[in-house]
Amino acid sequence: MKFMRQYLDLVKYVLDNGVRKVNRTGVATLSCFSAFYKIDLAEGYPLLTTKKIYFKSMLRELFWYLSGEEHIRNLRQYTKIWDAWADEEGHLETAYGRFWRRYPVPEKGLDGENWGSRWVTEDPVTGMKTFDQIQYIIDSLKEIRENPESPSLRRLVVTAWHPANAAESKLPPCHYTFCFNVSGNKLNCHLTQRSADIALGVPFNIACYSLLTMMIAKETGFVPGEFAHTLIDAHIYENHIEGLKEQLKRTPGPLPQIRIADKPFNELTYDDIQLIGYEPQDFIRFDVAV
C-alpha cells in the first residue's frame, strides 16, 4: 500500500503548504511547485482505494488516446469527461492521441534536418504527413530487447505538446510528455505534468499511464517496473478540500490487479483489460473546474 501512502502524503503536503492562486477557471487553488514520486508496479495496480475511481471511464479514455482521434464523437458514447472542452460536433482544439499517433511533420525540413520516415504516413484525405510516436516506442523497445546497445535506448519519448497548438488551445495538454526507460528486464515510465489537479486528474493520470506501461511491457517482452510522476504545478481546488480531508481519514485497502488479454498491442480493445480485486471505499464527488 506504499502507493496510497504516497498519494495521501501528497494531498496533505499541498493542503499544508499550498499557496492560494487564482486561475482561468474562477475556482482558486492551493498550489505547490514541483512534486515527484515513484510507484512500483509490482506491488499492484495503482488505483485509489480511499475513494472509488471510475476505472471504466479511464479505460475508455486511454483507448481513445490510442485511437489517434482528434474528436470525441466515439468517446462521448461512454463518458462525458471531455465534453466541456469540445464543440457540438465533438471537435477538440487539442487531443492527446492525435499527437501520440499522428504528430505532424513538415513537408520539407530545413537544410540538414532528418525525419524518421519509418514511422511517417500520409493522410489519404488531407495529404498531411504524420509520425506515430506510440509505434516508434514499441518498435524501438523490441529492438532494445535484441540489442541493449540500441541508439534508441535513451530516446523513448512521447510528446503531446505542439507549441503552436498549445499557444491557442482552450486546454493544451496537462500531462504533456512521457518517457520510457529500460532497466534490465523492467520497463519504467516517467510522466511530466505541467498542471496537476490532485483530487480529480492525478488519480486518473496514474491509472492511465501505469496501465499503458503494462500494456507496452507485455507487447515488447519486458516486465512492468516503476511509474514515476513529476507534477510541476501540483494543486488542489478550493472546492475539493473537504473531500480530500475525508480521504485522509480513511484507511487504504489492498491494491487491485490488472489482467491483459494475450493479443498484439494494436489489437487490444476495451474488453481485453480486466480489473481484479478492486474494493474501494465510498465515492466522493469532486466538481470539474472548467
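The following legends describe close-up views of a predicted model.

Residues are numbered from 1 along each chain as its sequence is written, and side-chain values use heavy atoms, with hydrogens and water left out. Because the model is predicted, local features need pLDDT of at least 70 and side-chain atom pairs count only at pLDDT 80 or more, while totals for chains, interfaces and linings use all residues.

**View 1. The largest nonpolar core and Leu 211.** A nonpolar core is a set of buried Ala, Val, Leu, Ile, Met, Phe, Trp, Tyr and Cys residues joined through side-chain atoms within 4.5 Å. Buried means under 20% relative accessible area, exposed means over 50%, and partly exposed lies in between (1.4 Å probe, protein chains only). The largest such core has 87 residues, and Trp 82, Trp 100, Phe 178, Leu 211 and Met 215 have the most contacts inside it. Helix H6 (residues 201-220) supplies the largest share of this core, 12 residues. Helices (H or I, at least four residues) and strands (E, at least two) are DSSP runs, numbered from the N terminus. Leaving out residues up to four places away in sequence, Leu 211 touches Tyr 45, Met 58, Leu 59, Leu 62, Ile 258, Ile 260 and Ile 273; contact means heavy atoms within 4.5 Å.

**View 2. The aromatic pair Trp 64 and Trp 82.** Rings of Phe, Tyr and Trp (its six-membered ring) pair if their centres lie within 6.5 Å; planes under 30 degrees apart count as stacked, over 60 as edge-to-face and the rest as tilted. The whole structure contains 17 aromatic pairs. In the pair of Trp 64 and Trp 82, the ring centres are 5.6 Å apart and the planes stand at 50 degrees, so the pair is tilted. Trp 64 belongs to helix H2 and Trp 82 to the loop between H2 and H3, so the pair ties together parts that are 18 residues apart in sequence. Trp 64 is buried, at 3% relative accessibility, and Trp 82 is likewise buried, at 8%. Ring pairs link Trp 64, Tyr 65, Trp 82, Trp 85, Tyr 96, Trp 100, Phe 178, Phe 180 and Tyr 209 into a cluster.

View 3. Ala 95 lies in the loop between helix H2 (55-67) and helix H3 (96-101). With 4% relative accessibility, Ala 95 is buried. Apart from its neighbours within four places in sequence, Ala 95 contacts Trp 64, Glu 69 and Glu 70. The C-alpha atoms of Ala 95 and Leu 211 are separated by 19 Å, and the two residues are 116 residues apart along the chain.

**View 4. The surroundings of His 229.** His 229 is part of strand E9 and is buried, with a relative accessible area of 0%. Its side chain forms a polar contact of 2.7 Å with the side chain of Tyr 37 and another, of 2.8 Å, with the side chain of Gln 193. A polar contact is a pair of N or O atoms within 3.5 Å; within protein, one must be able to donate a hydrogen and the other to accept it, and residues adjacent in sequence count only if both atoms are side-chain atoms. Among the residues that His 229 touches, not counting those up to four places away in sequence, are Ala 35, Phe 36, His 190 and Asn 205.

View 5. Two strands pair if DSSP finds at least two bridges between them. Strand E6 (residues 157-159) and strand E7 (residues 175-183) run antiparallel and are joined by 3 bridges, with Val 158 opposite Phe 178 in E7. E7 is also joined to strand E8 (residues 186-197) by 8 bridges, again antiparallel. Gln 193 in E8 is the bridge partner of His 175. E7 and E8 form a hairpin with 2 residues between them, and Gly 184 in the turn has a positive phi of about 65 degrees.

View 6. In helix H7 (residues 241-249), the buried residues are Ile 241, Gly 243, Leu 244 and Gln 247. They cover an arc of only 165 degrees around the axis, which puts them on the same side of H7; the arc is that of the directions from the helix axis to the C-beta atoms. These buried residues pack against helix H1 (2-17), strand E2 (29-40) and strand E9 (223-237). Glu 242 and Lys 249 are exposed residues on the face of H7 turned away from its buried side.
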